[in-house]
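Please prepare a briefing on the backbone and packing details of the model shown here. Points are grouped by topic.

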Amino acid sequence: MVDDGAGLAAIPQVRDDDGGWRRARPGDGAASALLETLAAGSVTREAFSVRSWTSRTATGERSVGVDQTNESVIVGDVAVVKWATHLQEGPHPAPRRIEVLRAAGFGGMPAPWGLLTWRTPTGADTVVAYVDDYLPDAVDGWTWAVDLVTAAVRDRDPGAFSAAAADVGAVVAELHAALSGTSTVASTADAARWHDGAVDVLDTVVRLGHPGALARRGEIEALLRVLGGLAGTPVVDGHGDLHVGQVLCSHGRFVVTDFDGNPVLSATERTLPIPAVLDVAGMTQSLAHVAIVAAKYTDLDPATLAVVSAAGRTAFLDAYTRGLRELGGADLFDPTPLRAFRMQQVLREIVYAARHLPRWMYVPDAALPELLDEGTPA
């Protein structure tokens, strides 16, 4: 573990020619060595623990690149090692969620090979590295979905986008069915936390001076009020940060990735169970954002775009509810707070854009009135 100036990071290192240590680069063998460690089985050594679900090894490394949280290395074109370049505070939600999903036979994620955790000075475990199946030619959701929406509007045919959204809905239904063994019931304190948390985000947006939120604050508050009445609803160890960017497409197969939880929440909150509808809301709203992004970069007919966007969201929701019912998990999903949780996501996007990525603000700027007016007669 090293402090890179922005917090602790897991930086693989190797000996240099002078006997000192330097950061490992793809080809130095650090990722391959981790696969060998996994193949030897699960083990704990001092503050580090290895959880292994494989006996496979591989060699030959090449870089995928570095994103906001991981540095990824492909090994032998069969596995991907993801080093955590920014360690989360523990407890980390991913190990339990991945373990449960793997035990349930969930096939809608890259098959996990194993992971490496570190016990922090506070006594909580966090993830240092993941190893998963390598998915050839995998495309991020912000690419495949935007491309499908753009083509659908140009062709005036939402079929391909709706079909893809329905496939994603089926995968999310399988995800929640696989997590059904973690189901418990929300308490009054849980419901109050969800409502108060959403209102806190709204208050932040108002303090930031967002004109749309200022103009329609009363409507937003009314929409969020339902969250305070969710005591007694089923909750599961859900994904927690589900959106289209977490869904990869590899040769027509859609898989869910990144079980780290929502980065805007505290470490403890990320481990708490959630209503299944929270995951569904995140995905539904992100599909609406896909249409906004598509229109930003291509001149698209607004009326046709609205039809395509709505068709995709409907296809996703229909496939999800149908799939969950067929898998025996219908009781996990209550759609009543769907729009409220979607609004919470829009508000979070406003805060994120204002503080970290101003060029993203056009998305929640458009999404907020669209959501409030959804279903309102023209």
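**Backbone and helix packing**

Arg 156 sits in the loop that runs between α3 (141-155) and α4; helices (H or I, at least four residues) and strands (E, at least two) are DSSP runs, numbered from the N terminus. The model is predicted, with local features requiring pLDDT of at least 70 and side-chain atom pairs counting only at pLDDT 80 or more, while totals for chains, interfaces and linings use all residues. Residues are numbered from 1 along each chain as its sequence is written, and side-chain values use heavy atoms, with hydrogens and water left out.

- Most residues other than glycine have a negative phi, and most peptide bonds are trans.
- Arg 156 is not a glycine, yet its phi is positive, at about 55°.
- Arg 156 is exposed, at a relative accessible area of 59% (buried means under 20%, exposed over 50%, partly exposed in between, with a 1.4 Å probe and protein chains only).
- Glu 46, also a residue other than glycine, has a positive phi near 55°.
- The loop between β5 (43-45) and β6 (48-52) holds Glu 46, which is exposed with a relative accessible area of 82%.
- Gly 90 and Pro 91 are joined by a cis peptide bond, with omega about 0°.
- Pro 91 is placed in the loop between β9 (79-84) and α2 (94-103).

- Ser 162 belongs to helix α4 (residues 159-178).
- Its relative accessible area is 15%, so Ser 162 is buried.
- Apart from neighbours within four places in sequence, Ser 162 is in contact with Ala 311, Gly 312 and Ala 315 (contact means heavy atoms within 4.5 Å).

**Packing of α9 against α11**

- Two packed helices are described by the angle between their axes and the distance between the axes.
- Helix α9 (residues 276-297) and helix α11 (residues 338-355) have axes that come within 8 Å and cross at roughly 60°; axes are lines fitted to C-alpha atoms, for helices over the stretch in contact, and angles run from 0 to 180 degrees between N-to-C directions.
- That angle makes α9 oblique to α11 (under 35 degrees is roughly parallel, over 145 roughly antiparallel, 65 to 115 roughly perpendicular and the rest oblique).
- On the α9 side the contact includes Val 277, Leu 278 and Ala 281, and on the α11 side it includes Phe 341, Arg 342 and Glu 349.
- Residues of this contact divide into eight nonpolar, four polar and two charged (Ala, Val, Leu, Ile, Met, Phe, Trp, Tyr, Cys and Pro count as nonpolar, Asp, Glu, Lys and Arg as charged, and the others, Gly among them, as polar).
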